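Reader: Could you walk me through this one slowly? I would like to start with the ligand and then move on to something else.

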Amino acid sequence: MDFSLTKEEQELYEKAKTFTKEHITPKAHELEKKDEFPADVVQKAYEAGLMNLHIPKEAGGPGMSLLAETFVSEATGYGCAGIATSIMCNNLAFAPLVIGATIDQLKKYVQPLITEKEPKFGGFCLTERKAGSDAAGVATRAERDGDEYIINGTKCFITNGPQSSLFTVFASTQPELKHKGLSVFMVPKQKGVKIGHIENKMGQLNSVQSEVIFEDVRVPQDCLVGKEGEGFKIAMMTLDKTRAGIAAIATGVAQRALDEAARFANIRHQFGKPIGRFQGISFKLADMGARVAAARLLTRYAAWLADRDLPVSKDSSYAKFFASDAAMENATDAVQIMGGYGYLSEYPVEKLMRDAKLLQIYEGTNEVQRLVAGGAILKDSINLDTGFHVEYDGKDAPTF
Ligand code: COS
C-alpha cells in the first residue's frame, strides 16, 4: 500500500494550498459579510486551473481523477467551505453528464463552458421542496413533443443557481413508474428558465443557493442524458462519485479547526502555563487530530475506488458522514477550547461551526449516508461466515 502522492497530485495539492493562503483564507470573513457569490475569487481559481478537473480530455477538460479533485476541495475547504462549494460545484453539476452523456454531447454542451476566458457554471437540479432525501419523488415533468422535450417544474437549494449557464435537470418522463420514470437533461439557460427565491442561510454565506424554475422550457432531444428512465440510476452513480468531494471540503474544515485551536492553545496562558499543557485541552486536540486523519483516509479511499469504477456507495457514504461529522465536532471543540474568542465573529472558528453544519446536510444528509452504508453492511452479511456457527431464531444464515 502506497500512501504517497504522484508528482502531479502533489503539485496540484500545493498549488491549491498556496491559492487558499493567498486568495481565500485572508478574505473569507470579509467576503461572507456581503452574503453573495464570491465572483472574484472563483474567477482566480478558474484561471489557476482549479475547476472542472474531471472533464475528460476528449471534451476539452484536463481529464484528472476524482482523487485529484479531493486535493483541491480539501485545500480550498480549509480556507472557506462556502468558497470551496462555489468553486467545486461544477464537479457535481457536470458529473451526471460525464457518467451518462456521449463525448459528442459533452463537446456540444460542456466544452464551451470550460474553455472560455470567464468561468461558467452548471447547476445540479435534483432537489425539490417535496423531494429531498426521497430523490425519486421529483415532480418536475419532461414531456416529449416531436423532437423536443418540454420541461416544467421548480427546483430548490440549487448551488450556483443564479450563476449557471447549464442546468442538469432530473425530471420525470413517466411519473407512474416512480424512480424508473426519472430522466436527466442538460438544459441551457434560456427563456422559461427563471431564478426564484435566493435561500438565506446560517453559514456558507460565500456560496449561493436558489430556486430554479422551469416554465415550458423546450430542449432538443440530444439534451437527454443516457436513455429515458435512467435518471435515478445516474443520480445515484453521480452522488457515489461526488460525495468524496464534500468529504474533502469537510476534511479541510476539520483540519482548520484543529490548527486554529492548537495555535491558540500554545499562545493562550492561564494559571501560569499555555492551556495546551492541560490534559483537558491536549486530549481534545488529540481526538480532533485523529478525526482529521481518519476523515482524510476515508475520503481518499472513496475517491480511489470511484476512479477505478469499483463499488463505492458504502465507502463514499462513510467518507461523507464521517468527515462532515468530524468537521462539526472539531469546529465545536475549537469554539470550546477558544472560549470567548471561539464564539466571537472577529475570530476564525465560529464561522467554521456555522459552515460545517451544512456539510452534514447537503449532497445527501448524514442520515441518508447511514441508510446507504447500513443497508450495504446488512447485504454484505448475507453470505458472511464468521467461523462461529450458532443458530439465532432457528436459523444459522441471515436473511435480508
Ligand atoms: N448506483 C446505482 N444504482 C443505484 C444506486 C447506486 N448507488 N443506489 C440505488 N440504485 C438503484 C437500485 O438498485 C434500485 O434499482 P432497481 O429499481 O432497478 O432495483 C433503484 O436505484 C432504487 O433504489 P432504492 O430502492 O435504494 O431507492 P430509494 O428510493 O429507497 O432511495 C436513497 C435511496 C435514499 C439512497 C436515495 O434516494 C438518495 O440518495 N437520497 C438522497 C438524495 C440526495 O443526496 N440529495 C441531495 C442532492 S445534491 S445537494
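Reader: By class, what residues does the shell around the ligand have?
Author: This is a predicted model, and in it the shell around the ligand has 8 nonpolar residues, together with 6 polar and 5 charged ones.

Reader: Okay, and which of the 19 residues around the ligand come nearest?
Author: Those that come nearest are S133, H179, K180, D240 and R243.

Reader: What does S133 do there, in terms of atoms and distance from the ligand?
Author: In S133 a backbone N or O atom lies 2.8 Å from a nitrogen atom of the ligand, while for S313 an N or O atom in the side chain is 3.3 Å from a ligand nitrogen atom. There is also G364, where a polar backbone atom is 3.2 Å from an oxygen atom of the ligand.

Reader: And how much of the ligand does the protein bury?
Author: The ligand taken alone exposes 1,000 Å², and the protein buries 62% of that area.

Reader: Which elements give two or more residues to the shell?
Author: Those are α8, which covers residues 231-267, and α12, which covers residues 366-380; the largest share of the shell, 7 residues, comes from α8.

Reader: Changing topic: where is the place of K320, and is it buried or exposed?
Author: K320 sits in helix α10, which spans residues 313-343, and K320 is buried, yet has no salt bridge.

Reader: Which side chain of opposite charge is nearest to K320?
Author: That is D325, which is 7.5 Å away. A polar atom of the K320 side chain does, however, lie 2.7 Å from the backbone oxygen of L359.

Notes: Residues are numbered from 1 along each chain as its sequence is written. This is a predicted model: local features need pLDDT of at least 70, side-chain atom pairs count only at pLDDT 80 or more; totals for chains, interfaces and linings use all residues. Side-chain values use heavy atoms; hydrogens and water are left out. A residue is near a molecule or strand if one of its heavy atoms lies within 4 Å of it. A polar contact is a pair of N or O atoms within 3.5 Å; within protein, one must be able to donate a hydrogen and the other to accept it, and residues adjacent in sequence count only if both atoms are side-chain atoms. Accessible areas come from the Shrake-Rupley method with a 1.4 Å probe; for residues, only the protein chains shown count as cover. Helices (H or I, at least four residues) and strands (E, at least two) are DSSP runs, numbered from the N terminus. Ala, Val, Leu, Ile, Met, Phe, Trp, Tyr, Cys and Pro count as nonpolar, Asp, Glu, Lys and Arg as charged, and the others, Gly among them, as polar. Buried means under 20% relative accessible area, exposed over 50%, partly exposed in between (1.4 Å probe, protein chains only). Lys and Arg count as positive and Asp and Glu as negative; His and the chain ends are not counted. A salt bridge is a side-chain nitrogen of Lys or Arg within 4 Å of a carboxyl oxygen of Asp or Glu.
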